[in-house]
Amino acid sequence: MPNKTIITIAVLTYRRPQSLMCTLQSLYVLQEPENVDLRLLIVDNDAVCSAASMVEAYQYLSPWPVTYAVAPVRGIPFARNKALEEAMDSDFIAFIDDDDIADSKWIQTLYETLLKYGAEVVAGCMRYRFPTGHERLATLDLFADIATATGAQLPSAWSGNVLFSAKLYREWGLRFDTDFRFCGGSDHHFFAMAGKRSARIIMCREAIIYSDISQQRTKRRWLVRRSLRNGATRSIADRKINGLRYAFGQACCSVSSGVPYALRLMRGSIKGEVLTIHPFLAICFIAGRICGLVGLTPQEYR
């Protein structure tokens with residue numbers, strides 16, 4: 001009988017015991033793909049091992065083997081790299097955040113799509129749920145659904161909902177860049193690097209993860225900082241992968257595309273209108289793009 005394919009599902013966590021418990025409970029009822037052995041890996045990015053007792057208390061509910069590991073140096077790239085280290089004997093690794101809920105068909109759908117399209121990386125669909133009264137935020141670029149069909153090729157991916165081949169880190173030696181330690185964006189950089197190495201990255205709209213948006217993340221200050229950060233980390237990744245000239249060109253394209261938003265803000269100010277936040281956040285993203293050219297970015301995770 002041939003050996004089964006091993007898929008490790010990695011959950012990175014930092015002092016979120018309650019939401020981590022909900023995430024794990026959703027993983028315990030996943031539908032297992034045919035001829036696959038699933039494994040769960042919880043990587044605690046807290047040096048004092050704050051998640052250990054919760055994982056121990058609930059791991060007996062899991063139908064899959066559960067491994068608990070600690071990445072003591074604070075920073076998302078360190079935790080992600082620890083996950084790669086722990087999953088060296090796996091064929092594929094998937095990532096999900098510790099405040100998200102997986103659909104029961106999530107991993108099965110990702111894996112079947114990866115095989116169907118002969119891809120190295122498959123990114124799934126995020127479905128955001130907002131506090132009452134803030135549903136309009138679903139129209140913002142930060143949360144909007146990506147209008148990309150299943151099977152369409154992507155330039156990069158995101159770690160909140162992704163399955164990828166161990167070839168990326170075992171054979172190609174890719175790692176999450178620790179320069180993104182406090183600003184985020186190491187996932188975009190990692191998968192963009194994989195794409196440059198000829199990895200096929202595709203979209204799977206049917207692989208769904210649900211993410212509850214906290215009240216704090218509905219505030220204008222957080223939305224502005226996240227838009228600035230996204231723009232800055234995109235430029236930093238472009239510069240690292242393709243050089244300053246390419247990053248500068250991409251930033252110029254963003255500035256050009258932002259002219260309509262600037263005009264909307266100007267007209268609204270002259271008329272005294274109450275503007276939607278969307279054009280302002282688009283300009284924040286562009287400003288972040290420019291800041292990223294010189295390495296400036298909000299340190300959101302410090």
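1. Arginine 289 lies in helix H10, which covers residues 278-293. Helices here are DSSP runs of H or I with at least four residues, strands are runs of E with at least two, and both are numbered from the N terminus. The model is a predicted one, in which local features need pLDDT of at least 70 and side-chain atom pairs count only at pLDDT 80 or more, while totals for chains, interfaces and linings use all residues. Residues are numbered from 1 along each chain as its sequence is written, and side-chain values use heavy atoms, with hydrogens and water left out.

2. Is arginine 289 buried or exposed? Arginine 289 is buried, with a relative accessible area of 6%. Buried means under 20% relative accessible area, exposed means over 50%, and partly exposed lies in between (1.4 Å probe, protein chains only). Setting aside residues up to four places away in sequence, arginine 289 touches Gly231, Ala232, Arg234, Ser235, Asp238, Gln250, Ala251 and Ser254. Contact means heavy atoms within 4.5 Å.

3. Arg234 also takes part in the packing of two helices. Helix H6 (residues 186-196) and helix H7 (residues 220-242) meet at an angle of about 35 degrees, and their axes are 10 Å apart. Axes are lines fitted to C-alpha atoms, for helices over the stretch in contact, and angles run from 0 to 180 degrees between N-to-C directions. From H6 the contact involves His188, His189, Ala192, Met193 and Lys196; from H7 it involves Arg234, Ala237, Lys240, Ile241 and Asn242.

4. Why is H6 described as largely enclosed by the rest of the structure? The reason is that 8 of the 11 residues of H6 are buried. These are Ser186, Asp187, His188, His189, Phe190, Phe191, Ala192 and Ala194. Their cover includes H3, E6, strand E7 (161-165), helix H5 (167-170), E8 and H7. Just after H6, serine 198 has a positive phi of about 85 degrees.

5. The next point concerns the nonpolar cores. A nonpolar core is a set of buried Ala, Val, Leu, Ile, Met, Phe, Trp, Tyr and Cys residues joined through side-chain atoms within 4.5 Å. In the largest, which has 34 residues, Ile9, Leu27, Trp106, Ile107 and Leu163 touch the most other members. Among the elements that give two or more residues to this core are strand E1 (5-13), helix H1 (17-27) and helix H4 (106-117). H4 gives the most, with 5 residues. Apart from this core lies another, of 31 residues, including Phe95, Leu154, Ala166 and Ala194.

6. Isoleucine 107 touches Ile7, Ile9, Leu30, Gln31, Pro33, Leu38, Ala94 and Leu163, not counting residues up to four places away in sequence.

7. Alanine 71 sits in the loop between strand E3 (66-70) and helix H3 (76-86). Alanine 71 is buried, at a relative accessible area of 4%. Leaving aside neighbours within four places in sequence, alanine 71 is in contact with Val43, Asp44, Asn45, Asp46, Phe78, Ala79 and Lys82. The C-alpha atoms of alanine 71 and isoleucine 9 are separated by 16 Å, and these residues are 62 residues apart along the chain.

8. How many disulfides are there? The count is 0, where a disulfide is a pair of cysteine sulfur atoms within 2.5 Å. The sulfur of cysteine 291 is 10 Å from the closest cysteine sulfur, in cysteine 284, which is too far for a bond. Cysteine 284 is buried, with a relative accessible area of 7%, whereas cysteine 291 counts as partly exposed at 31%.
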